[in-house]
Amino acid sequence: MTARLIDGKAIAAAMREALTTRVAALPFRPGLAVVLVGDNPASAVYVRTKDRAAEAAGIAAATIRLPAGITEAALLAEVARLNADPAVDGILVQLPLPQSIRAEAVIDLIDPAKDVDGFHPRNAGLLALGRPALVPCTPLGVMKLLEAAGVALSGRRALVLGRSSIVGRPLVALLLAADATVTVAHSRTRDLAAECRRAEILVAAVGRAEMVRGDWISPGATVIDVGINRLADGRLVGDVAFAECAAVAGSITPVPGGVGPMTIACLLENTVTAALRRR
Ligand code: NDP
């Protein structure tokens with residue numbers, strides 16, 4: 001391996017420590033409500049992780065567990081109740097929701113000022129316009145990793161691989177705001193490898209295990225791997241073939257221990273940001 005490792009775990013730990021100090025100095029305790037519908041085991045793990053991280057930072061976290069069979073109307077009523085609760089600064093509805101419930105209807109009802117996931121159309125629109133918004137946690141985490149690693153963005157060629165509303169699209173807006181020259185690639189892109197080779201900064205968020213190969217990387221490029229993929233043998237890998245790419249890249253994030261921990265740290269930061277703006 002020749003690439004420098006960008007240690008997301010350490011960078012996130014430092015962020016959380018600084019946040020804990022900030023929260024301790026506040027005259028109030030920020031509140032985060034996490035809504036979990038049903039018993040999807042992966043969602044339950046994510047929610048528990050978020051809840052514990054929030055409590056450790058001094059944020060008052062409450063997990064609201066609702067049955068899988070809940071109606072959309074009842075879930076919307078729960079969101080409305082949280083919108084109206086002055087002790088709640090941040091609301092996060094863990095996705096995916098059961099098929100009988102329209103996720104869009106639920107997200108659209110969340111008070112944009114409490115939308116710590118940054119998924120509400122108002123926040124997405126503000127971000128797209130380059131105006132202050134609550135920004136989705138994973139792309140925000142990617143930007144903080146780049147900053148902490150000292151990666152210059154202005155004028156440089158960045159490629160975002162993936163155009164989902166929770167990672168790819170908001171990341172494009174953030175990179176543009178940082179004056180990068182941004183290309184977005186997706187499943188219809190012709191000659192993905194050639195697009196990747198042009199990138200000085202490559203962010204992969206596709207959900208395809210080890211799709212990005214070593215010969216797709218420009219020597220010295222920065223590679224950020226958002227992907228989390230579980231292989232049949234139980235191993236967790238990213239969207240980037242790590243060993244091959246690390247032999248060519250200038251710096252690279254591991255999976256696990258790269259973007260994942262930053263997502264949690266940014267959720268906590270968004271909660272504090274929302275609390276300070278509201279109160
Ligand atoms: P989505 O499935 O919503 O989006 C995937 C994107 O990748 C789409 O834009 C899709 O293109 C594109 N894509 C899929 N296959 C290919 C292909 N063969 N070639 C080129 N592009 C392709 O995924 P998410 O954005 O939600 O997540 C992406 C990955 O990031 C997943 O592994 C997920 O687990 C991980 N993740 C990690 C987080 C973290 O905290 N570290 C948080 C959130 C996600 P098209 O639009 O054309 O279909």
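Trainee: Which residue in β11 does Leu5 stand opposite?

Mentor: Leu5 faces Ile252 in β11. Keep in mind that this is a predicted model.

Trainee: How many bridges join β1 to β11?

Mentor: Two, and the strands run parallel. β11 covers residues 251-252.

Trainee: And what is the strand order in that sheet?

Mentor: β1-β11-β8-β7-β5-β6, an open sheet of six strands with parallel pairing. β1 (4-5) and β6 (181-185) are the edge strands, each pairing on one side only.

Trainee: Which strands do α6 and α7 lie across?

Mentor: α6 lies across β7 (201-204) and β8 (222-225), at about 150° to β8. α7 lies across β5 (157-161), β6 and β7, and runs at about 170° to β5.

Trainee: Now the three-stranded sheet. What order does it have?

Mentor: The order is β3-β2-β4, again an open sheet with parallel pairing. β3 (60-66) and β4 (90-93) each have a single partner strand, so one side of each has no neighbour in the sheet. On average, neighbouring strands there are turned by 15° against each other, direction ignored.

Trainee: Which helix packs on it?

Mentor: Helix α2, residues 41-56. It touches β2, β3 and β4, and its direction makes about 160° with that of β3.

Trainee: How many bridges join β2 to β3?

Mentor: Seven, with β2 spanning residues 31-37 and the two strands parallel. Within that pair, Gly31 stands opposite Ala60.

Trainee: Changing topic. Where are the domain bounds?

Mentor: Domain 1 is 28-111 and domain 2 is 136-260. Their centres, taken over C-alpha atoms, are separated by 29 Å.

Trainee: What is the volume of the largest pocket?

Mentor: About 1200 Å³. It is lined by 44 residues, and the closest to its centre are Tyr46, Thr138, Ile228, Gly260 and Thr263.

Trainee: Where does that pocket lie relative to the two domains?

Mentor: Between them, because both domain 1 and domain 2 give residues to its lining.

Trainee: Which helices and strands each supply at least two lining residues?

Mentor: α2, β4, α6 (137-148), β9 (229-230) and α10 (259-278). By class, the lining of the largest pocket has 25 nonpolar, 13 polar and six charged residues.

Trainee: And the second largest pocket, how much space lies in that one?

Mentor: About 260 Å³. Of its 18 lining residues, Gly118, Ala124, Ser165, Arg169 and Pro170 are the closest to the centre.

Trainee: Which element gives the largest share of that lining?

Mentor: α5, with five residues. α4 (103-109), α5 (121-128) and α7 (168-177) each supply at least two. The lining of the second largest pocket divides into twelve nonpolar, four polar and two charged residues.

Trainee: What lines it?

Mentor: Ile91, Leu92, Val93, Leu95, Ile107, Ile110, Asp115, Asp117 and Phe119. β4 gives the largest share of that lining, three residues. Seven of the lining residues are nonpolar, none is polar and two are charged.

Trainee: Last topic, the backbone. Which peptide bonds to proline are cis?

Mentor: Leu95 to Pro96 is cis, with omega near 5°. Val255 to Pro256 is also cis, with omega near -5°.

Trainee: Where do the two prolines sit?

Mentor: Pro96 is in the loop between β4 and α4. Pro256 is in the loop between β11 and α10.

Trainee: What about phi at Asp191 and Glu210, positive or negative?

Mentor: Positive, near 50° at Asp191 and near 50° at Glu210. Asp191 lies in the loop between β6 and α8 (192-197), while Glu210 lies in the loop between β7 and β8.

Trainee: Why list those at all?

Mentor: Because most residues other than glycine have a negative phi, and most peptide bonds are trans.

Note on methods
Residues are numbered from 1 along each chain as its sequence is written. This is a predicted model: local features need pLDDT of at least 70, side-chain atom pairs count only at pLDDT 80 or more; totals for chains, interfaces and linings use all residues. Side-chain values use heavy atoms; hydrogens and water are left out. Two strands pair if DSSP finds at least two bridges between them. Helices (H or I, at least four residues) and strands (E, at least two) are DSSP runs, numbered from the N terminus. Axes are lines fitted to C-alpha atoms, for helices over the stretch in contact, and angles run from 0 to 180 degrees between N-to-C directions. Contact means heavy atoms within 4.5 Å. On a 1 Å grid over the protein atoms alone, a cavity is a set of points where a 1.4 Å probe fits but cannot get out, and a pocket is an open set with protein on both sides within 12 Å along at least five of seven lines; lining residues have an atom within 4 Å of a point. Ala, Val, Leu, Ile, Met, Phe, Trp, Tyr, Cys and Pro count as nonpolar, Asp, Glu, Lys and Arg as charged, and the others, Gly among them, as polar. Domain bounds come from an automatic or database domain assignment. Grid points are joined across faces, edges and corners, and a volume is the space filled by probe spheres set on the points.
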